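Visitor: Could you pick one part of this model and give me a close look at it? After that, I'd like to hear how it compares with the side-chain pairings elsewhere.

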Amino acid sequence: MLANRRTITLLLDVYLDSIHPNFPLFCERELWVGWRDGSFPQGDSDFMSLMCLCALSAQHVGDGALFNDNIDAPERTNLREAYVAEATRLVPFDFEKSDLNLVRSYAFLALLGAQTGNNAMLHKYLGLCHGISAQLNLQDESRWLPTITACEAEVRRRLWWSIYRLEVHTACVLGSMVRVSETRCGVGYPTGAHHPAFIPGRNGQFEDWFDGWNTTTDLYRVLEHAISDLRAKHRPGHSILGRMDSPDPATIMTRLSQIQEHLLPQFVTPASRSDDSGRNRCGFQAPNIICTIHLARLLSCMSSDDNPLLACKVASDLINSIMGIPLEYIRATGSPLIQQLAGVGHILIGIGKKHQLPQEHYTQITQVIHSILSLLELLAAQSIVASSTRDRLRNLLSELEEVYAVTSNEVEIDALDAGQIIHLLQEVEDHDLGHAVFPSELLTDFTWLYPAYP
């Protein structure tokens, strides 16, 4: 069953449609053409990376985290456990046979841990990604062999920056450290279209989707510093060389504004699903850019002066931006949007507990939190993670209300209700799209980087 050609073809298509736009770990031409003409996989190393790809794709299928929801129900069952078992059996822990397929395999399994909420798996394989990257000098182009092809250099760049982005994301939501700072990376950005368009359904007009992907990488690099600055404020630490200054929040905000001002139109407004996969991939970049830029802004404003009004405005802008994301992208992305919603709510509750806010400011914070809860309520019917996140956020809100000795009935809430949210989402949803479905058990051990205050 695992080697069934029809099943693997389906899972390869799932990868290219739903995962590759965010984590392009392969050269698409080598994968797509190679599988169809029989030149891929060529050996054990290729097969190992293929099984890891299938394990992650099968997880997306099982979770319904798909861009195109046209997979028959029987294909959703009995695939995940078998492919995960085979992938983990094939992937070694030593670097005796170090190649890009091993890097890719570790990355796929780390992403699988992130998708399923298995934090131990995520940390284990992300750590191995860093180990094999050091072994292959992946973080420094000047140490790459001059004989490698342009295609291999492109794939190395994609792998490195994909690992970096996952590292920053993990540090943000789980509180771990960023092991390799962007200031220490000597790797150029991928160019994307290093082969002519070759896949049916691409007219060549939107082959610049990697410009958006690279912009998101820029934002993750800024986000790294926003995380570091916020942690330095709340968890003071000193180098053996003395106090080490972190970037000024104003510098972070300025850089975010510069990036936003230069966005191309196709990366500003998410495009609805089309028959052109290049256009769709541009659409994938838009929500990534929207969410990452707002998250970095929120952390930066928290680091600057804990201004609750500014934090509420940024959080409200983020929620409104999420409302404008077509559901097919939310569904395919899976976990990150739920993580961001939970994190934003946690931050705002932390502000409320830290400060004795005037009633007006307290009301504004609870308005945003209730809007988040309304969105989670809408998603909860189809998503276990949305349901559990909603319940946890409600509990935190109750604690905040106890601090202020105010019941929810005494506060006038002007948040969007579920009916309004449905209306907004339907404006960007195709009628045959179905409901957004997120992976389960993501936030069981959710740890946000902003400290909870007693």
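Guide: Helices here are DSSP runs of at least four residues, numbered from the N terminus. Keep in mind that this is a predicted model. With that in hand, let's go to Leu241, which sits in the loop between helix H8 (209–234) and helix H9 (249–261). Is Leu241 buried or exposed? Its relative accessibility is 73%, so Leu241 counts as exposed, the cut-off for that being over 50%.

Phe26 is in the loop between helix H1 (5–19) and helix H2 (28–37), and Phe26 and Phe108 are both buried. The structure holds 15 aromatic pairs, and these two rings form one of them, with 6.1 Å between centres and 35 degrees between planes, which makes the pair tilted. Phe108 belongs to helix H5 (residues 100–116), so the pair links distant parts of the chain, 82 residues apart. Phe26 and Phe108 also share one aromatic cluster with Tyr15 and Phe40. And the ring of Phe26 has a charge over it: the charged end of Arg104 sits there, 4.0 Å from the ring centre. You'll find another such arrangement at Trp144, where the charged end of Arg156 lies over the ring at 5.1 Å from its centre.

Charges pair up with each other too, and the count of salt bridges comes to eleven. One of them joins Asp13 and Arg36, with the closest N and O atoms 3.2 Å apart. Asp13 is in helix H1 and Arg36 in helix H2, so this bridge ties together parts that are 23 residues apart in sequence. Asp13 is partly exposed at 29%, and Arg36 is partly exposed at 35%.

Glu154 is buried at 2% relative accessible area, and Arg158 is buried at 3%.

Last stop: Lys353 and Glu399 form a salt bridge with closest N and O atoms 2.8 Å apart. Because Lys353 lies in helix H13 (residues 335–354) and Glu399 in helix H15 (residues 384–403), the pair ties together parts 46 residues apart in sequence. Glu399 is partly exposed, at 37%.

Notes. Residues are numbered from 1 along each chain as its sequence is written. This is a predicted model: local features need pLDDT of at least 70, side-chain atom pairs count only at pLDDT 80 or more; totals for chains, interfaces and linings use all residues. Side-chain values use heavy atoms; hydrogens and water are left out. Rings of Phe, Tyr and Trp (its six-membered ring) pair if their centres lie within 6.5 Å; planes under 30 degrees apart count as stacked, over 60 as edge-to-face and the rest as tilted. Helices (H or I, at least four residues) and strands (E, at least two) are DSSP runs, numbered from the N terminus. Buried means under 20% relative accessible area, exposed over 50%, partly exposed in between (1.4 Å probe, protein chains only). A charge sits over a ring if NZ of Lys or CZ of Arg is within 6 Å of the ring centre and within 35 degrees of the ring normal. A salt bridge is a side-chain nitrogen of Lys or Arg within 4 Å of a carboxyl oxygen of Asp or Glu.
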